[in-house]
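The sequence and the model follow.

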Amino acid sequence: MNDLLEFDRAHLWHPYTSALKPLRAYPIAGAAGVRLRLADGRELIDGMSSWWCAIHGYNQPALNAALEKQLGNMAHVMFGGITHEPAVTLAKRLLDIVPRSLRHIFFCDSGSVSVEVAIKMALQYWQAAGRPRKKRLLTVRGGYHGDTFAAMSVCDPVTGMHHLFRGVLPKQLFAERPSCRFDAPFDPACLDDFRRLIVKHEGEVAAVILEPVVQGAGGMWFYHPAYLSGVRELCDCHQVLLILDEIATGFGRTGKLFACEWAGISPDILCLGKALTGGYLTLAATLATSKVAEGISSAGGVFMHGPTFMANPLACAAANANIDLLLCEDWPVKIRRIEEGLKAGLEPARSLAGVADVRGLGAIGVVEMKEAVDVEPFQAFCVDHGVWIRPFGRLVYLMPPYIIGGDDLGRLCEVMVAALQQAGA
Ligand SMILES: *Cc1c(COP(=O)(O)O)cnc(C)c1O
C-alpha cells in the first residue's frame with residue numbers, strides 16, 4: 001500500500017494540484033452502494049457522488065449488468081459512417097425527457113467538450129446566417145463550465161483561471177452574478193446588468209451560456225428561476241441563442257429532472273454530462289433545436305466536430321441503464337427526502353462562528369464559510385469519522401447518491417458540522 005501511495009505522490013497528477021507538493025490522496029480499494037472502502041478496510045459514507053455523477057451509488061447491479069452485456073458485444077466502434085443501437089436508444093431516451101424543442105443530439109466525451117461543442121454550434125449558426133460578427137458569449141459571474149479553453153473563457157473571471165491564461169482566452173461578456181436567491185422573493189432589478197449588456201452588445205453576441213438555477217463549482221449558488229425566464233425573454237428579443245449547461249444539474253439533482261423546468265423554459269442548446277452514465281463512464285451530450293441544427297446545415301453546411309470516442313457504445317449502454325433506473329423509481333420522493341434531511345442536518349451549522357450562509361436545494365446542501373477551509377485537516381477529520389466530503393475554497397457541500405438512507409445522511413451532516421466547528425475554531 002505504501003508503494004502505491006509513494007508512486008502516486010511521485011508520478012500522478014491529481015485535479016488542481018502541485019506535482020511537488022500534492023494534497024494527500026486516499027487509496028480507495030472498492031465501492032458499493034453509498035460507501036467507499038479504503039485500502040485499510042475502513043468504509044466512508046459518500047457525500048459527493050464522485051462530483052455529481054454516481055446518483056445510484058457504486059457497484060450498482062443493473063448498471064454492472066448493462067455494461068457486461070454491452071462488453072460481450074462490442075466496447076467501441078467509430079461513429080463516422082457507423083451507428084449502433086446503444087447510441088440510438090440513448091438518443092430516444094434523452095429526447096423523451098428533455099424540453100420538447102430539442103431535437104438533435106451530439107454525443108461527446110466529457111462535460112467540457114460538450115460546452116466547446118455548444119459554443120461551436122452557436123458560432124456556426126450565426127456564420128451560416130450571414131452574421132459572422134456575432135461570435136462573443138455573454139454569461140454571468142460565478143459560473144463554471146469546464147476546463148478547456150472556450151469553456152474556461154466563460155467561467156467566473158475571478159475564481160476561474162483567467163489570470164493564468166490572460167491573452168489566450170477569448171474575451172467574453174460578464175453580467176453580475178444573479179443576486180436573487182432561489183428562496184427569496186424575486187427582484188426584477190437583479191436582471192438590469194444582464195439586460196444592459198445584451199442590449200449594448202446584441203450585434204456581437206452569439207449566445208448566452210448559463211447554469212440554470214444552480215451555479216455549481218463557481219460558487220454553489222442557487223438563484224431565482226424568474227431570473228432564468230427573464231434571460232430567455234431577453235435572448236429572444238435580441239436574437240441571441242441560449243445555451244444551458246445542465247452538466248451538474250441534470251437528472252434530478254435539483255428536484256426537477258432538468259433545472260430549466262424550474263423556470264418552465266427551454267434552451268436553444270443544452271449540455272448534459274456527469275450523471276448521464278450514473279458515474280460509470282465519461283460521456284456527455286450537446287442537444288440542439290431544429291432551428292439551430294437546420295441553420296448550421298443550411299446551404300450544405302456541416303457541423304465541424306467529431307471526437308474519436310464519440311457515442312462510445314459502453315458509455316451509451318451505461319447511460320441507458322442509468323436513465324431506466326432513474327425513471328423506474330420515484331426519484332422526486334428520494335430527492336425531497338434528501339432535501340429535508342440536508343436542511344435539518346445542516347441547520348446547526350448556521351450558529352457556528354465561521355459560517356456565512358447555509359443553503360439547500362434538492363439533493364444539494366451547502367455551507368458557505370467566511371474563510372477558505374484548510375482541505376487536508378478537514379478531510380482527515382471526516383475520514384477519521386467515516387465520511388467522504390471534499391470542500392473547495394469557502395464552500396463545503398453535500399450531494400450524496402440518491403439512494404442514501406436517512407441514517408447515513410444524518411451521519412454525513414453530523415460529521416460535516418463537527419468538522420466545520422473544528423475548521424472555524
Ligand atoms: C463539471 C462541469 C463541467 C465540466 O465537465 P467535465 O466532464 O469535468 O469536463 C461543465 N459544466 C458544469 C456545470 C459542470 O459542473
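Is phenylalanine 392 buried, partly exposed or exposed? Phenylalanine 392 is partly exposed, with a relative accessible area of 29%; buried means under 20% relative accessible area, exposed over 50% and partly exposed in between, with a 1.4 Å probe and protein chains only. The model is predicted: local features need pLDDT of at least 70, side-chain atom pairs count only at pLDDT 80 or more, and totals for chains, interfaces and linings use all residues. Residues are numbered from 1 along each chain as its sequence is written, and side-chain values use heavy atoms, with hydrogens and water left out.

**Aromatic pairs and charges**

- The structure holds nine aromatic pairs (Phe, Tyr and Trp rings, the six-membered one for Trp, with centres within 6.5 Å; planes under 30 degrees apart are stacked, over 60 edge-to-face, the rest tilted).
- One of these is the edge-to-face pair of phenylalanine 182 and tryptophan 262, at 5.1 Å centre to centre and 85° between the planes.
- Both residues lie in loops, phenylalanine 182 between strand S6 and helix H7 and tryptophan 262 between strands S10 and S11, so the pair ties together parts that are 80 residues apart in sequence (helices, H or I of at least four residues, and strands, E of at least two, are DSSP runs numbered from the N terminus).
- Phenylalanine 392 and tyrosine 397 are also edge-to-face, 5.8 Å centre to centre with 80° between the planes; tyrosine 397 is buried at 4%.
- Lysine 256 lies over the face of tryptophan 262, 4.9 Å from the ring centre (NZ of Lys or CZ of Arg within 6 Å of the centre and within 35 degrees of the ring normal).
- The charged end of arginine 177 sits over the ring of tryptophan 221, 4.0 Å from its centre.

**A mixed sheet**

- Four strands form an open sheet in the order S1-S2-S3-S15, with mixed pairing (strands pair if DSSP finds at least two bridges between them).
- Strands S1 (28-32) and S15 (387-388) are the edges, each pairing on one side only.
- Strand S3 (residues 43-46) and S15 pair in the parallel sense over two bridges.

**Two buried residues**

- Threonine 277, in the loop between strands S11 and S12, is buried with a relative accessible area of 0%.
- Residues up to four places away in sequence aside, threonine 277 touches Leu283, Ala315, Ala318, Ala319 and Asn322 (contact means heavy atoms within 4.5 Å).
- Serine 112, found in helix H5 (residues 111-128), counts as buried at 16% relative accessibility.
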